[in-house]
Structures are given as C-alpha cells and as structure tokens.
Amino acid sequence: MAITLQSTVGGFSAEFMRKLPLVEQAMIAHGLEPSQFVISKDRATPPTVPFIGPFFYDYTVFVGEENFTVTEPDDIKFLDYFYQRCIAADEAPQPLRKRRPGLINRLFRWMTQPI
C-alpha cells in the first residue's frame with residue numbers, strides 16, 4: 001500500500017509522483033510502513049495576489065498520532081527532505097561530557113568568594 005496524498009492546492013507534480021515509489025521502497029528497507037503515512041500539501045501563506053501562485057507550500061506528514069510540517073518551495077525539495085529523514089540512521093544521544101568551566105564562569109566564581 002502506498003503513502004496517502006492530500007492537497008488543497010491542485011495536487012503534486014509529475015516528477016514527485018515518479019519519484020515517490022523510490023522513496024516508498026527506501027522506507028520499507030528502513031523498517032517504515034508507507035501506508036501509515038499521509039502527506040498533505042497546502043498553501044504556506046494566504047494569497048496576496050490571486051493570479052500569482054504560492055511561493056511556498058506547507059507539507060504536513062501524519063504518522064499515527066504524530067505529525068510534522070515542513071515549508072518548501074516545491075514538491076521535489078520536500079520529497080528530498082522527506083527521503084533524507086526516512087533513511088537517516090537512528091542516532092543515540094551522546095553522553096554529555098563534563099566541560100571545564102569557561103573563563104567568564106571562573107571569573108564570576110572567583111569574584112563571589114569571601115575575602
């Protein structure tokens with residue numbers, strides 16, 4: 001099953017539709033189920049001049065109870081961003097190293113010591 005697409009601004013570009021199956025295959029290879037995703041494309045700003053189309057679009061991705069929105073100028077830029085997020089390795093947070101106090105911090109500590 002494929003990703004569900006929704007649009008309030010006339011659909012997605014032909015190039016987007018050609019590349020979408022490749023993104024779905026990459027998602028499956030990385031353990032994601034494309035049928036759980038809904039991508040919605042909307043105008044990012046209200047129309048200021050009716051005969052000129054929007055300069056940016058809001059792409060909202062819904063996955064179960066979660067969602068996020070990305071603003072991009074066209075479908076392909078969004079698809080590239082989405083693809084990179086899908087194939088990104090899960091990175092475990094690095095443990096924080098104890099940093100040595102900075103110069104200003106040491107100066108303030110020195111100034112607050114009793115005489």
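Predicted model: local features only at pLDDT ≥ 70, side-chain atom pairs only at ≥ 80, totals over all residues.
Tutor: One definition before we start.

Student: Okay. How many helices and strands does the protein have?

Tutor: There are 3 helices and 4 strands. Along the sequence they follow the pattern β-α-β-β-β-α-α.

Student: And what percentage of the residues counts as buried?

Tutor: The protein has 115 residues, and 23% of them count as buried.

Student: Pockets next. What volume does the largest pocket have?

Tutor: Its volume is about 170 Å³.

Student: Which residues lie nearest its centre?

Tutor: Those are Leu32, Phe37, Arg85, Cys86 and Ala88.

Student: Which helix gives the most to the lining?

Tutor: Helix H2, which spans residues 75-87. It supplies 3 of the lining residues.

Student: Let's stay with helix H2. Is Phe78 buried or exposed?

Tutor: Phe78 sits in helix H2. Its relative accessibility is 0%, so it counts as buried.

Student: How far is Phe78 from Tyr59?

Tutor: In sequence, 19 residues separate Phe78 and Tyr59. In space, their C-alpha atoms are 7.4 Å apart.

Student: Switching topic. How many salt bridges are there?

Tutor: The count comes to 2 salt bridges.

Student: Which residue forms a salt bridge with Lys41?

Tutor: Asp75 does, with the closest N and O atoms 2.9 Å apart. Lys41 belongs to strand S2 (residues 37-43) and Asp75 to helix H2, so this pair ties together parts 34 residues apart in sequence.

Student: Are Lys41 and Asp75 buried or exposed?

Tutor: Both Lys41 and Asp75 are buried.

Student: Which residue meets Lys19 in a salt bridge?

Tutor: Glu15, at 3.4 Å from N to O. Both Lys19 and Glu15 lie in helix H1 (residues 14-29). They are 4 residues apart, about one turn of the helix.

Student: Why does Lys19 count as partly exposed?

Tutor: Because its relative accessible area is 32%, and partly exposed covers the range between buried, under 20%, and exposed, over 50%. Glu15 is also partly exposed, with a relative accessible area of 34%.

Student: Now the surface. Which residues make the nonpolar patch?

Tutor: Ile104, Leu107, Phe108, Trp110 and Met111 make it. The patch covers about 600 Å².

Student: Where does Trp110 lie?

Tutor: Trp110 is in helix H3, which runs over residues 103-111.

Student: Why does Trp110 count as exposed?

Tutor: Because its relative accessibility is 60%, and the cut-off for exposed is over 50%.

Key: Residues numbered from 1 in each chain as written. Heavy atoms only, no water. Patch = residues over 30% accessible without salt bridge, like charges linked within 9 Å, V, L, I, M, F, W, Y side chains within 5 Å. Areas by Shrake-Rupley, 256 points an atom, 1.4 Å probe, with all protein chains shown as cover. Salt bridge = Lys/Arg side-chain N within 4 Å of Asp/Glu carboxyl O. Helix = DSSP H or I, 4+ residues; strand = E, 2+ residues; numbered from the N terminus. Buried < 20%, exposed > 50% of the residue type's maximum accessible area, 1.4 Å probe, protein only. 1 Å grid on protein atoms, 1.4 Å probe; cavity = no way out; pocket = protein on both sides within 12 Å on 5 of 7 lines; lining within 4 Å. Points joined across faces, edges and corners; volume = space filled by probe spheres on them.
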